Amino acid sequence: MAGATTTAAAQADTSAITVTYDTSLETLRDRQAPITFSLSRALTADEGDLVVLIGTNDVSSLVTLRGTRATLEPGLFPLPVGESPLQLLLYTKGRWSTIGTFTLRVRGAGGFTRATATPSLTLSSAGLVADGQRGGDAAPSGSKRQDVTLAAGFRTAQERPDVAIETQVSLVGATREEQALRFAQQGAQAPQVDLSDYRLSLRMPQARVDLGHVSLGNNRHLISGLTSRGVALTAGPSWASLTLGSVAGAPIVGWDNLIGLAESAHRVNAASLGVELRRKRPGALQLRLTTMDGSLLPRAGFTQGAVTDAEASRGSGVELTTSTPGQRARLSAGYAQSAFSNPLIDTELTGGITVVRTERVRRGARYLESAFDVLNNVRLLGRVPTRLSVGWRHERVDPLYRSVGSFVQADRRQDVLDLNGSLGAIALQGGHTIARDNLANVVGVLTSQTRATTVNMALPLATLFRVQQRAAWLPQVNMGVVLSSQFAESAAADFRPEDLTDQRSRSIESGAQWQLDQWRVSLRDNRTHQDNRQPSRERSDFSGTVQALSVGRSIGTRLDGSLDASLEGQRNEELAQVNTVRRVGISSNWRVTSSTALSSNVTAAVSRTPPSTSDVTNIEMRAELTHTVHLFRVGADMRTGQFFVRFARTSVSAVPFGFVENAAPPLGLATRIQWTVNTGLSLRLW
Amino acid sequence: MRRLTVRTAVLLAGVSLSGVVTAAEAQIRVSPTGVSTNAMAATTVFLTFAGLRNQTAVEAFWCGEIVAATSPDRGTRCNPATLYGRLPLRSDRSTLSAAGVFTDIMSIPASVARRAYQDAQRGERGTFFYVRRFASTTGGPDEFVAVTCRLTGGGANVPFSLTNVTVAFSSTAPVEFVKAGDAPPPIAAQIRYNGTGRLRGRWEVVMPGEERPTDVDLLTEASLPAEQRGRQRRYAQVARFNVLLPPGGSYTLEGPQPSGLPTSTDGAYMVLLRIEATDDRAGDSDPGASGALLHNGAVAGFPMPVLRYVVGSAAPTPESSGTARTLRLLAPRAGTTVEPDSSLIVQWSLDANARFSRVEFQTRDGTVLLSSVVRRGGTSYRVPPILAERAAGQTIRWRVSTLGATGNVTARTAWRELAFAPR
């Protein structure tokens, strides 16, 4: 509706200024089209600056203001395609005020409000060109060849007012089979160019479909954020949402099982329905129903290592969340049931033998969490803003409860009292936990109780003492204490006295961080103690300490350097053994020119680890030079290449304790030095 | 009595063997002889079998009951009617060391513990057995060696072991693609464990062109026999960790600072989680020969997972320009905490050749909060309050790029962090 005007009244401020647009905001505009708007009156000299925000972009510098007329000329910075909030602000004498909020709609190519396609392709070649070794067992020289790797990606986004489609695919390739994406799973059979992940997303006003890398479930006891390859559909009005989905049992990569649903024995299906029971106040009372059914093969996910099993479960759950207006009191509760079994399909575990069958059992799990803001920004003594929130959490998970979609510790009841708050600049958090296991009181199973108390505190000293000048010299200080104990409640017949848990432990952590212009300094101290008290293990106690220092420094924009040092110790009181690790490392990164960089690091670590009967000293040195060259095209389309050369040297000296004590180490016999030179070349083609 | 205890069974075995060889000469010794295990989840225990003489380990079974082996075999074997399962090949990390010591990593799947628990519910005793068979290489009798497993809640008296480790970027992408010079998303390791103890180790990075780690390199140090410890290949260390894990069962280990991960060179990188052996009384084993206990805290029956990221992509690097030498951030200082209601002004040095400067504000994981273009000659920017709202209490970072006549980047500063004080 060209020629129409849209007016926004002043908001959140007493300013009488209003803003008028010359074109309808209902109309799609081109990315380069100027936007003209008028103020109801000219700004006075003391009314400050006009600020224009489009989405996350501040475009004020592109606006020309003449009297009451302001024009935004996108020029080199085209308007963002699609729908974006447009906000006008005024900064006057230290105060910000919003004088207009609108929605800007910009069309892209082909009638789409947004249409982008972003390819990326990098070819890299890297390999060993020289190496050497001195001392120790003779090791075969590394393979001196250049191995090519490929990283390719393609993202697209098309958006219209009623539908949006986004796609993304990532590929990884390597000429050397050991570098193939699935070499760990398939060995030499792994494809040399493989699919890392992909996603196709279709969004409509009240529905959404995702295919590829998706995440499923938000019931803590049934299925919680299970991210894998599969499909998910979400639909519903603003007050209700139905989600149906199915994903592979564990995260996968590769071309096989492209949809993620090819193996019925390794798949999880779920459905959930969330409803706002009080539509006028979203969040006031929410109900969520979840049901799931799934089974797993004894196979770990792509970035997972685990002791695996064949498992199957089917369950359902209900959760209720409510809060008072203003969220001062909050409560959520849930109950789930799951029927679980271990199918006899794990041939490595049960093949060829007759095993005792596990019974399929249905068990339940429940939780309740509540929190109440006792003090909400109350001014203590009339000055100090104070917050205090008290919470109680309860959870009970039946023995043998298990769901393939979520990790839950079965056979455990836990109650936690939480305190959260702040006193001025001091942030405080504390909690006390009481837990018990063997809930079915099975005679042959050890029953134990656990108590834990945690206290954490953060103190920004500069803010605390209201220091304005040289505030950076005062650090941010953090402190934390954890006290825990676990003890056996009942003794089964097969347990010896020393098997009956009775342990206390404590951990005290403190740290300080400074940020001084170009300097960064941090200190950390951690002290722990484990006190075993069961018969015959009274002296099986351990004490541990960690002290760490980190210093970083930037020199101009060209050079960064850092130093890290740590001293770790663990004392075994029973054996009178002290295990120590002392480490110091220095690293630097020098951007010689905007296209050349030199990075280096040197690390020395000395470990004394009885009863390995040796002092081990590791010294590592690495230096890497990279140089980027312009290949062709300029600006955003510029293509570049990169060359690097890296020298690395490691030495390991292992001196037996006996020789240390006798001051006559067999020099050279136990020291091994290795060095390598690697080079590489890469082309960033898109 | 349907079930025999280990002590009774060993006595029976000794009686049956009397007159053939003495127990001290022939009996393979296992350490520990009995362990507490998790009744509701997997358990991993480091075992050493000492005293092997011309013998080789064959299979291993879990069962609810043991009986004396049939002569001429020695020891106690599983009652075939009470089998729970056999040690899966995927979990078999056993190795034969020098001096007749056999190292075994017993990874008990949760389904085996479940069978034992259900037996205990039916009134059986709360123990089950792990039995290794050793065959003679010289035609002698087989020897069976049993370890007693007791059912518990997986707490402090269970050997400290890792049973499930997932390493992931916060983005959840299996492989992260990173532009050169940018930081990858934050990394964390979700760890499920038994027992309690210190989790100590290193985050390391395999650089492009370096030899990939083997499965043995990726095992935790406590999963290796004594003579192999300290011999795993090392890579560039980017962070250390040393934390006490209480008897709780799960822990999230924060990864190295994303800005500390190398991204200057194009190519494929691997992030490795290296776990060092620590003291753990419940998991100690006695190899026998030296008389010294071997500490096995943080044993695991699987290689630690690796996380990959690839540096490269289409992002054009800043063009060569002498102006980059002078572009730098001036204020606020790194790590400054500012009041959310204050009038924050960021400042940088003048680049006379720049047509524009772009000021960017992001969260640590790269989410864009605000970006502003400043015309030629501008060296400061007054930040609107919307930044503090969007930051929502997180520490954020900012940088400045200078742009040429075509909008191309001519110079760019490093990121600098700042934070807003709580409201």
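Over which residues near 657–669 of chain A does pLDDT stay under 50, and how many contacts beyond four places in sequence does the model have there?The answer is 10 contacts for residues 657–669 of chain A. Here pLDDT is the predictor's confidence in each residue, from 0 to 100. Two residues are in contact if their C-beta atoms, placed from the backbone, lie within 7 Å.

This is a predicted model: local features need pLDDT of at least 70, side-chain atom pairs count only at pLDDT 80 or more, and totals for chains, interfaces and linings use all residues. Residues are numbered from 1 along each chain as its sequence is written, while chains are lettered from A and ligands numbered from 1 in the order in which they are written.

**Confidence and overall make-up**

Chain A has a mean pLDDT of 87, with 91% of its residues at 70 or more. Residues 1–14 of chain A have pLDDT below 50, and the model gives this stretch 32 contacts beyond near neighbours in sequence.

Chain B has 423 residues, and 58% of them count as buried. A residue is buried if 20 or more other C-beta atoms lie within 10 Å of its own, exposed if 12 or fewer, and partly exposed in between. Chain B holds five helices and 29 strands. These are DSSP runs numbered from the N terminus: helices are H or I with at least four residues, strands E with at least two. Of the chain B contacts with a separation of 6 or more, 74% link residues 24 or more positions apart.

**Where the chains meet**

Chain A puts 134 residues into the contact and chain B 124 residues. The chain B side has 56 nonpolar, 46 polar and 22 charged residues. Ala, Val, Leu, Ile, Met, Phe, Trp, Tyr, Cys and Pro count as nonpolar; Asp, Glu, Lys and Arg as charged; the others, Gly among them, as polar.

A strand pair also crosses between the chains. Strand E19 (residues 304–306) of chain A runs antiparallel to strand E12 (residues 161–169) of chain B, joined by three bridges. Two strands pair if DSSP finds at least two bridges between them. Gln304(A) faces Thr166(B) in E12(B).

**Strand pairs**

| Strand pair | Bridges | Opposite residues |
|---|---|---|
| E27(A) (residues 476–490) and E28(A) (residues 502–516) | 12 bridges | Leu483(A) and Arg506(A) |
| E28(A) and E29(A) (residues 519–532) | 14 bridges | Gln515(A) and Arg520(A) |

E28(A) and E29(A) make a hairpin with two residues between them. In that turn, Asp517(A) has a positive phi of about 45°.

E8(B) and E9(B) belong to an open sheet of four strands, ordered E1-E3-E9-E8 (chain B), with antiparallel pairing. Strands E1 (29–31) and E8 (95–96) of chain B are at the edges; each has a single partner strand, so one side of each lacks a neighbour in the sheet.

**Cores**

A nonpolar core is a set of buried Ala, Val, Leu, Ile, Met, Phe, Trp, Tyr and Cys residues joined through C-beta atoms within 7 Å. The largest has 139 residues, and Cys63(B), Phe129(B) and Val131(B) have the most contacts inside it. Apart from it lies another core of 48 residues, among them Val19(A), Ala70(A), Leu88(A) and Leu403(B). Beyond four places in sequence, the contacts of Phe129(B) include Trp62(B), Cys63(B), Ile66(B) and Cys78(B).

**One helix**

Helix H3 (residues 110–121) of chain B has 12 residues. At 1.5 Å a residue they should span 16 Å, and the end C-alpha atoms are 16 Å apart, which agrees. The expected span is 1.5 Å times one less than the number of residues. H3(B) is mostly covered, with 10 of its 12 residues buried. Arg114(B), Arg115(B) and Asp119(B) are among the buried ones. Just after H3(B), Gly123(B) has a positive phi of about 105°.

**Two single residues**

Beyond four places in sequence, Ser250(B) contacts Ile191(B) and Arg192(B). Its C-alpha atom is 7.4 Å from that of Gln190(B), 60 residues apart along the chain.

Gly431(A) sits in strand E25 (residues 426–437) of chain A. Gly431(A) counts as partly exposed, with 17 C-beta neighbours inside 10 Å. Its contacts beyond four places in sequence include Val416(A), Leu417(A) and Thr454(A). Gly431(A) and Arg134(A) are 297 residues apart in sequence, and their C-alpha atoms are 55 Å apart.
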